[in-house]
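Here is a short briefing on one protein model. Please look it over alongside the notes that follow.

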Amino acid sequence: MGSVPSEDDASAAVSVSLEELQNGTVSLETLERAFGPASLGIIIVRDLPQEYPDLRHRLLSYSSYLANLPESTLASVEKPETSYSVGWSCGKETLANGRYDTLKGSYYAQPVHDAALERKARELYPKCIEMTSPNVWPSEETLPSFEKLFEQLCHIIVDTAALVARSCDRYGVAKLEDYQPGTLENIVRTSVSTKARLLHYFPPPPVKPEDERPDSAMATDDDWCATHTDLGALTGLTSQMFVDEEAHSPSTKPDKSGVLPLLPELDSHPDSKTGLWIKDRSGRTTQIHIPRDCLAFQTGQALEHITRGKFKAVPHFVRGTTADKGGQIARNTLAVFTQPNLWEMVDDRRDFATLAQAILGGTV
(Lines give C-alpha, C1' and ligand atoms only; values in the text may rest on other atoms or scores of the structure.)
Protein backbone atom coordinates (compact mmCIF):
# COMPACT_ATOMS: atom_id res chain seq x y z
CA MET A 1 0.00 0.00 0.00
CA GLY A 2 1.03 3.61 -0.48
CA SER A 3 2.30 5.62 2.43
CA VAL A 4 -0.23 7.54 4.51
CA PRO A 5 0.17 11.32 4.34
CA SER A 6 1.56 12.98 7.41
CA GLU A 7 -0.52 14.92 9.91
CA ASP A 8 1.12 18.28 9.26
CA ASP A 9 -0.79 21.29 10.54
CA ALA A 10 -2.89 22.84 7.75
CA SER A 11 -2.69 26.18 9.53
CA ALA A 12 0.72 26.53 7.88
CA ALA A 13 -1.15 27.95 4.87
CA VAL A 14 -0.83 31.75 4.82
CA SER A 15 -4.10 33.71 5.14
CA VAL A 16 -4.84 37.33 4.18
CA SER A 17 -8.00 39.41 3.94
CA LEU A 18 -9.53 40.76 0.73
CA GLU A 19 -9.17 44.26 2.18
CA GLU A 20 -5.42 43.80 2.67
CA LEU A 21 -5.12 42.81 -0.99
CA GLN A 22 -7.23 45.77 -2.11
CA ASN A 23 -5.17 48.18 -0.02
CA GLY A 24 -1.84 46.69 -1.08
CA THR A 25 -0.80 46.09 2.53
CA VAL A 26 0.23 42.42 2.26
CA SER A 27 3.92 42.43 3.13
CA LEU A 28 6.60 41.04 0.84
CA GLU A 29 7.58 38.67 3.65
CA THR A 30 4.02 37.30 3.76
CA LEU A 31 4.09 36.72 0.00
CA GLU A 32 7.39 34.90 0.31
CA ARG A 33 5.97 32.68 3.08
CA ALA A 34 3.01 31.90 0.84
CA PHE A 35 4.76 31.37 -2.50
CA GLY A 36 8.53 31.29 -1.99
CA PRO A 37 10.94 28.35 -2.27
CA ALA A 38 10.20 27.04 1.25
CA SER A 39 6.44 27.60 1.02
CA LEU A 40 3.34 25.49 0.44
CA GLY A 41 2.65 27.60 -2.65
CA ILE A 42 -0.83 28.59 -1.53
CA ILE A 43 -2.56 31.58 0.06
CA ILE A 44 -6.06 31.72 1.58
CA VAL A 45 -8.17 34.85 1.10
CA ARG A 46 -10.92 35.63 3.63
CA ASP A 47 -13.64 38.33 3.96
CA LEU A 48 -14.91 37.84 0.40
CA PRO A 49 -17.99 39.56 -1.13
CA GLN A 50 -21.16 38.64 0.77
CA GLU A 51 -22.70 36.83 -2.22
CA TYR A 52 -19.78 34.41 -2.49
CA PRO A 53 -20.89 31.67 -0.02
CA ASP A 54 -24.32 31.30 -1.65
CA LEU A 55 -22.88 31.24 -5.19
CA ARG A 56 -20.38 28.59 -4.13
CA HIS A 57 -23.06 26.39 -2.54
CA ARG A 58 -25.33 26.70 -5.56
CA LEU A 59 -22.72 25.94 -8.20
CA LEU A 60 -21.18 23.05 -6.26
CA SER A 61 -24.68 21.59 -5.85
CA TYR A 62 -25.01 21.82 -9.63
CA SER A 63 -21.81 19.79 -9.93
CA SER A 64 -23.66 16.77 -8.52
CA TYR A 65 -26.76 17.45 -10.64
CA LEU A 66 -24.61 17.73 -13.76
CA ALA A 67 -22.57 14.58 -13.16
CA ASN A 68 -25.72 12.51 -12.66
CA LEU A 69 -27.44 13.54 -15.90
CA PRO A 70 -28.14 10.80 -18.46
CA GLU A 71 -25.14 9.79 -20.55
CA SER A 72 -26.83 10.99 -23.72
CA THR A 73 -27.29 14.47 -22.24
CA LEU A 74 -23.68 14.64 -21.09
CA ALA A 75 -22.50 13.47 -24.52
CA SER A 76 -24.24 16.48 -26.07
CA VAL A 77 -21.90 18.82 -24.16
CA GLU A 78 -18.68 16.96 -24.87
CA LYS A 79 -16.11 18.36 -27.30
CA PRO A 80 -13.80 15.52 -28.34
CA GLU A 81 -12.02 17.78 -30.85
CA THR A 82 -10.66 19.82 -27.90
CA SER A 83 -9.31 16.68 -26.21
CA TYR A 84 -12.30 17.08 -23.86
CA SER A 85 -10.90 20.32 -22.42
CA VAL A 86 -14.15 22.22 -23.12
CA GLY A 87 -17.50 21.06 -21.74
CA TRP A 88 -17.98 17.68 -20.07
CA SER A 89 -15.15 15.20 -19.58
CA CYS A 90 -15.16 11.88 -17.73
CA GLY A 91 -13.06 8.76 -18.24
CA LYS A 92 -10.89 10.44 -20.87
CA GLU A 93 -7.81 11.27 -18.77
CA THR A 94 -5.21 8.79 -17.58
CA LEU A 95 -3.62 8.78 -14.15
CA ALA A 96 -0.01 8.13 -13.20
CA ASN A 97 -0.46 4.35 -13.47
CA GLY A 98 -1.91 4.63 -16.98
CA ARG A 99 -5.47 3.79 -15.99
CA TYR A 100 -8.40 5.85 -17.21
CA ASP A 101 -9.82 8.08 -14.50
CA THR A 102 -13.54 7.30 -14.28
CA LEU A 103 -13.92 8.45 -10.66
CA LYS A 104 -13.85 12.14 -11.56
CA GLY A 105 -16.04 14.22 -13.87
CA SER A 106 -15.09 17.72 -15.06
CA TYR A 107 -16.85 20.60 -16.74
CA TYR A 108 -14.50 23.07 -18.46
CA ALA A 109 -15.27 26.62 -19.59
CA GLN A 110 -13.31 29.81 -20.20
CA PRO A 111 -14.85 32.60 -18.09
CA VAL A 112 -12.99 35.66 -19.42
CA HIS A 113 -14.39 36.99 -22.70
CA ASP A 114 -12.97 39.51 -25.13
CA ALA A 115 -14.05 39.07 -28.76
CA ALA A 116 -10.93 40.73 -30.19
CA LEU A 117 -8.51 38.69 -28.08
CA GLU A 118 -10.42 35.47 -28.75
CA ARG A 119 -10.19 36.14 -32.49
CA LYS A 120 -6.46 36.91 -32.15
CA ALA A 121 -5.89 33.61 -30.31
CA ARG A 122 -7.73 31.60 -32.99
CA GLU A 123 -5.84 33.33 -35.80
CA LEU A 124 -2.37 33.02 -34.26
CA TYR A 125 -2.82 29.48 -32.90
CA PRO A 126 -5.31 27.68 -35.18
CA LYS A 127 -4.18 24.27 -33.92
CA CYS A 128 -4.55 25.12 -30.23
CA ILE A 129 -8.28 24.48 -30.09
CA GLU A 130 -8.06 23.32 -26.46
CA MET A 131 -7.58 26.99 -25.57
CA THR A 132 -9.56 28.72 -28.33
CA SER A 133 -12.75 26.69 -28.74
CA PRO A 134 -16.00 28.42 -27.61
CA ASN A 135 -17.76 27.22 -24.44
CA VAL A 136 -20.68 24.81 -24.57
CA TRP A 137 -23.50 24.67 -22.01
CA PRO A 138 -26.43 22.37 -21.10
CA SER A 139 -29.87 23.73 -21.96
CA GLU A 140 -31.73 25.94 -19.50
CA GLU A 141 -34.38 23.24 -19.20
CA THR A 142 -31.77 20.71 -18.11
CA LEU A 143 -29.76 22.87 -15.68
CA PRO A 144 -31.48 26.23 -15.21
CA SER A 145 -29.10 29.16 -14.60
CA PHE A 146 -26.04 26.90 -14.71
CA GLU A 147 -24.12 29.10 -17.16
CA LYS A 148 -24.99 32.25 -15.20
CA LEU A 149 -23.94 30.76 -11.85
CA PHE A 150 -20.74 29.39 -13.33
CA GLU A 151 -19.68 32.74 -14.75
CA GLN A 152 -20.75 34.75 -11.67
CA LEU A 153 -18.64 32.63 -9.34
CA CYS A 154 -15.71 32.56 -11.76
CA HIS A 155 -15.74 36.36 -12.02
CA ILE A 156 -15.39 36.71 -8.23
CA ILE A 157 -12.50 34.26 -8.31
CA VAL A 158 -10.75 35.99 -11.23
CA ASP A 159 -11.22 39.43 -9.64
CA THR A 160 -9.71 38.16 -6.38
CA ALA A 161 -6.88 36.42 -8.24
CA ALA A 162 -6.08 39.75 -9.92
CA LEU A 163 -5.60 41.33 -6.50
CA VAL A 164 -3.29 38.49 -5.45
CA ALA A 165 -1.43 39.03 -8.73
CA ARG A 166 -1.13 42.77 -7.95
CA SER A 167 0.65 41.90 -4.71
CA CYS A 168 2.91 39.47 -6.61
CA ASP A 169 3.75 42.33 -8.99
CA ARG A 170 4.83 44.49 -6.02
CA TYR A 171 7.14 41.65 -5.01
CA GLY A 172 8.50 41.34 -8.55
CA VAL A 173 9.23 45.06 -8.83
CA ALA A 174 11.02 45.01 -5.45
CA LYS A 175 13.01 41.81 -5.94
CA LEU A 176 13.60 41.32 -9.69
CA GLU A 177 15.65 43.48 -12.02
CA ASP A 178 13.63 44.98 -14.90
CA TYR A 179 10.38 43.39 -13.74
CA GLN A 180 7.54 45.26 -15.42
CA PRO A 181 4.85 46.63 -13.06
CA GLY A 182 1.42 45.10 -13.60
CA THR A 183 2.70 42.01 -15.42
CA LEU A 184 0.73 39.39 -13.52
CA GLU A 185 -2.34 41.49 -12.82
CA ASN A 186 -2.70 42.21 -16.54
CA ILE A 187 -2.40 38.48 -17.32
CA VAL A 188 -5.09 37.55 -14.82
CA ARG A 189 -7.55 40.30 -15.75
CA THR A 190 -7.32 40.10 -19.53
CA SER A 191 -6.34 36.58 -20.55
CA VAL A 192 -8.86 34.62 -22.62
CA SER A 193 -6.81 31.48 -21.90
CA THR A 194 -8.08 31.29 -18.30
CA LYS A 195 -9.81 27.95 -17.80
CA ALA A 196 -12.35 27.02 -15.11
CA ARG A 197 -12.94 23.40 -14.10
CA LEU A 198 -16.00 22.37 -12.10
CA LEU A 199 -15.18 19.01 -10.53
CA HIS A 200 -17.28 16.12 -9.30
CA TYR A 201 -15.51 13.24 -7.57
CA PHE A 202 -17.90 10.32 -7.70
CA PRO A 203 -18.58 8.22 -4.60
CA PRO A 204 -16.12 5.31 -4.52
CA PRO A 205 -17.43 2.03 -5.98
CA PRO A 206 -17.72 -1.03 -3.71
CA VAL A 207 -14.40 -2.88 -3.74
CA LYS A 208 -13.68 -6.30 -2.24
CA PRO A 209 -10.29 -6.67 -0.56
CA GLU A 210 -9.15 -9.20 -3.15
CA ASP A 211 -10.26 -7.09 -6.10
CA GLU A 212 -8.02 -4.83 -8.14
CA ARG A 213 -9.37 -1.30 -8.08
CA PRO A 214 -10.66 -0.69 -11.65
CA ASP A 215 -9.96 3.03 -11.86
CA SER A 216 -7.63 5.53 -10.34
CA ALA A 217 -4.24 5.09 -8.77
CA MET A 218 -4.67 1.93 -6.73
CA ALA A 219 -2.48 1.65 -3.61
CA THR A 220 -1.41 5.28 -3.71
CA ASP A 221 -2.43 8.35 -1.77
CA ASP A 222 -3.31 10.45 -4.82
CA ASP A 223 -6.13 8.23 -6.06
CA TRP A 224 -8.69 11.00 -6.70
CA CYS A 225 -6.24 13.26 -8.56
CA ALA A 226 -2.64 12.29 -9.27
CA THR A 227 0.27 14.37 -8.01
CA HIS A 228 0.93 17.30 -10.37
CA THR A 229 1.77 21.00 -10.61
CA ASP A 230 -0.58 23.45 -12.31
CA LEU A 231 0.31 24.94 -15.67
CA GLY A 232 -0.83 28.55 -15.29
CA ALA A 233 -0.14 31.55 -13.07
CA LEU A 234 -2.54 31.35 -10.10
CA THR A 235 -5.18 28.68 -9.54
CA GLY A 236 -8.25 29.84 -7.60
CA LEU A 237 -9.86 27.11 -5.48
CA THR A 238 -13.14 26.95 -3.60
CA SER A 239 -13.42 24.78 -0.52
CA GLN A 240 -14.55 21.24 -1.16
CA MET A 241 -18.23 20.32 -0.74
CA PHE A 242 -19.14 16.83 0.42
CA VAL A 243 -22.60 15.52 -0.51
CA ASP A 244 -24.23 12.28 0.63
CA GLU A 245 -25.84 11.38 -2.70
CA GLU A 246 -27.66 8.40 -1.21
CA ALA A 247 -29.51 10.56 1.32
CA HIS A 248 -29.91 13.52 -1.06
CA SER A 249 -30.38 12.35 -4.61
CA PRO A 250 -28.92 14.68 -7.28
CA SER A 251 -31.45 13.40 -9.84
CA THR A 252 -34.10 15.87 -8.66
CA LYS A 253 -35.85 17.80 -11.44
CA PRO A 254 -36.32 21.59 -11.40
CA ASP A 255 -39.51 22.74 -9.65
CA LYS A 256 -42.26 24.77 -11.34
CA SER A 257 -40.22 27.94 -10.95
CA GLY A 258 -37.28 26.27 -12.70
CA VAL A 259 -35.08 26.04 -9.61
CA LEU A 260 -32.95 23.10 -8.52
CA PRO A 261 -32.74 22.87 -4.72
CA LEU A 262 -29.48 23.29 -2.87
CA LEU A 263 -27.97 19.98 -1.80
CA PRO A 264 -27.20 19.70 1.93
CA GLU A 265 -23.48 19.90 2.64
CA LEU A 266 -21.77 17.59 5.10
CA ASP A 267 -19.73 19.27 7.82
CA SER A 268 -16.83 16.94 7.06
CA HIS A 269 -15.94 13.66 5.39
CA PRO A 270 -15.88 10.45 7.49
CA ASP A 271 -12.32 9.92 6.27
CA SER A 272 -10.45 12.91 7.67
CA LYS A 273 -7.60 12.50 5.17
CA THR A 274 -9.83 12.91 2.11
CA GLY A 275 -9.14 16.08 0.11
CA LEU A 276 -6.35 18.37 -1.09
CA TRP A 277 -2.74 17.72 -0.07
CA ILE A 278 0.40 19.68 -0.98
CA LYS A 279 3.87 18.16 -1.25
CA ASP A 280 6.68 20.55 -0.39
CA ARG A 281 10.29 20.56 -1.61
CA SER A 282 11.33 18.07 1.08
CA GLY A 283 8.61 15.62 0.06
CA ARG A 284 6.54 16.27 3.19
CA THR A 285 2.78 16.36 2.61
CA THR A 286 0.37 18.81 4.22
CA GLN A 287 -3.41 18.68 4.06
CA ILE A 288 -5.06 21.97 3.13
CA HIS A 289 -8.44 22.96 4.57
CA ILE A 290 -10.10 25.91 2.82
CA PRO A 291 -12.95 27.45 4.85
CA ARG A 292 -16.30 27.59 3.01
CA ASP A 293 -16.36 31.37 2.97
CA CYS A 294 -12.77 31.69 1.68
CA LEU A 295 -10.84 31.13 -1.53
CA ALA A 296 -7.36 29.70 -1.94
CA PHE A 297 -4.85 30.60 -4.65
CA GLN A 298 -2.13 28.18 -5.64
CA THR A 299 1.03 28.81 -7.66
CA GLY A 300 1.44 27.39 -11.17
CA GLN A 301 4.38 26.85 -13.48
CA ALA A 302 3.79 30.02 -15.51
CA LEU A 303 4.08 32.07 -12.29
CA GLU A 304 7.33 30.31 -11.42
CA HIS A 305 8.78 31.19 -14.83
CA ILE A 306 7.53 34.79 -14.78
CA THR A 307 9.03 35.40 -11.31
CA ARG A 308 12.27 33.67 -12.39
CA GLY A 309 11.91 31.04 -9.71
CA LYS A 310 11.30 33.42 -6.79
CA PHE A 311 7.80 31.92 -6.43
CA LYS A 312 7.51 28.17 -6.81
CA ALA A 313 4.82 25.90 -8.20
CA VAL A 314 4.38 23.02 -5.77
CA PRO A 315 3.10 19.50 -6.43
CA HIS A 316 -0.31 18.65 -5.00
CA PHE A 317 -2.85 15.85 -5.14
CA VAL A 318 -6.35 14.90 -4.03
CA ARG A 319 -6.60 11.90 -1.74
CA GLY A 320 -9.73 9.83 -2.10
CA THR A 321 -11.33 7.34 0.23
CA THR A 322 -12.47 3.76 0.23
CA ALA A 323 -16.09 2.65 -0.04
CA ASP A 324 -16.22 1.43 3.56
CA LYS A 325 -15.49 4.98 4.76
CA GLY A 326 -16.98 7.00 1.92
CA GLY A 327 -20.36 5.35 1.27
CA GLN A 328 -22.18 7.44 -1.33
CA ILE A 329 -20.34 10.64 -0.50
CA ALA A 330 -19.25 12.76 -3.47
CA ARG A 331 -16.78 15.67 -3.48
CA ASN A 332 -17.44 18.83 -5.50
CA THR A 333 -15.18 21.81 -6.05
CA LEU A 334 -14.27 24.52 -8.57
CA ALA A 335 -10.78 25.39 -9.80
CA VAL A 336 -10.05 28.44 -11.95
CA PHE A 337 -6.69 28.34 -13.72
CA THR A 338 -5.60 31.87 -14.59
CA GLN A 339 -3.26 31.46 -17.55
CA PRO A 340 -1.43 33.96 -19.80
CA ASN A 341 -2.73 34.62 -23.28
CA LEU A 342 -1.11 32.19 -25.69
CA TRP A 343 1.21 34.86 -27.15
CA GLU A 344 2.39 36.33 -23.84
CA MET A 345 6.00 35.64 -22.89
CA VAL A 346 6.60 33.67 -19.69
CA ASP A 347 10.40 33.89 -19.89
CA ASP A 348 12.98 35.40 -22.24
CA ARG A 349 12.44 32.80 -24.97
CA ARG A 350 8.98 31.21 -24.71
CA ASP A 351 5.40 32.34 -25.02
CA PHE A 352 2.72 30.58 -22.98
CA ALA A 353 1.64 28.41 -25.91
CA THR A 354 5.19 27.05 -26.23
CA LEU A 355 5.47 26.45 -22.47
CA ALA A 356 2.10 24.69 -22.39
CA GLN A 357 2.99 22.43 -25.30
CA ALA A 358 6.35 21.58 -23.72
CA ILE A 359 4.82 20.74 -20.34
CA LEU A 360 1.87 18.79 -21.73
CA GLY A 361 4.22 17.01 -24.09
CA GLY A 362 6.54 16.07 -21.23
CA THR A 363 9.63 17.87 -22.55
CA VAL A 364 10.21 20.08 -19.47
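**Arg56 and its surroundings**

Arg56 touches Leu153, Thr238, Ser239, Gln240, Met241, Glu265 and Arg292, leaving aside residues up to four places away in sequence. The model is predicted. The points below cover this arginine, a strand pair and the nonpolar cores.

**Arg56**
- Arg56 sits in helix α3, which spans residues 52–67.
- Its relative accessible area is 2%, under the 20% cut-off, so Arg56 counts as buried.
- The Arg56 side chain reaches the backbone oxygen of Gln240 at 3.3 Å.
- Gln240 is also among the residues that Arg56 touches.

**Strands β9 and β12**
- Strand β9 (residues 275–279) pairs with β12 in the antiparallel sense, over 4 bridges.
- Trp277 stands opposite Phe317 of β12.
- Strand β12 (residues 316–319) is covered on both faces.
- His316 and Val318 lie on one side of β12, Phe317 and Arg319 on the other, and all are buried.

**Nonpolar cores**
- In soluble globular proteins, nonpolar side chains tend to be buried together.
- The largest nonpolar core here has 79 residues.
- Tyr107, Phe146, Phe150, Val164, Leu334 and Phe352 have the most contacts inside that core.
- Helix α7 (residues 146–175) gives the largest share of this core, 15 residues.
- Phe150 touches Leu59, Tyr107, Ala109, Trp137, Ala196, Leu198 and Leu334, again not counting residues up to four places away in sequence.
- Another core, of 14 residues, lies apart from the largest one; among its members are Ile44, Ile278, Ala296 and Ala335.

Terms used
Residues numbered from 1 in each chain as written. Predicted model: local features only at pLDDT ≥ 70, side-chain atom pairs only at ≥ 80, totals over all residues. Heavy atoms only, no water. Helix = DSSP H or I, 4+ residues; strand = E, 2+ residues; numbered from the N terminus. Buried < 20%, exposed > 50% of the residue type's maximum accessible area, 1.4 Å probe, protein only. Polar contact = N/O pair within 3.5 Å; in protein donor to acceptor, adjacent residues only side chain to side chain. Contact = heavy atoms within 4.5 Å. Pairing = 2+ DSSP bridges. Core = buried A, V, L, I, M, F, W, Y, C linked by side-chain atoms within 4.5 Å.
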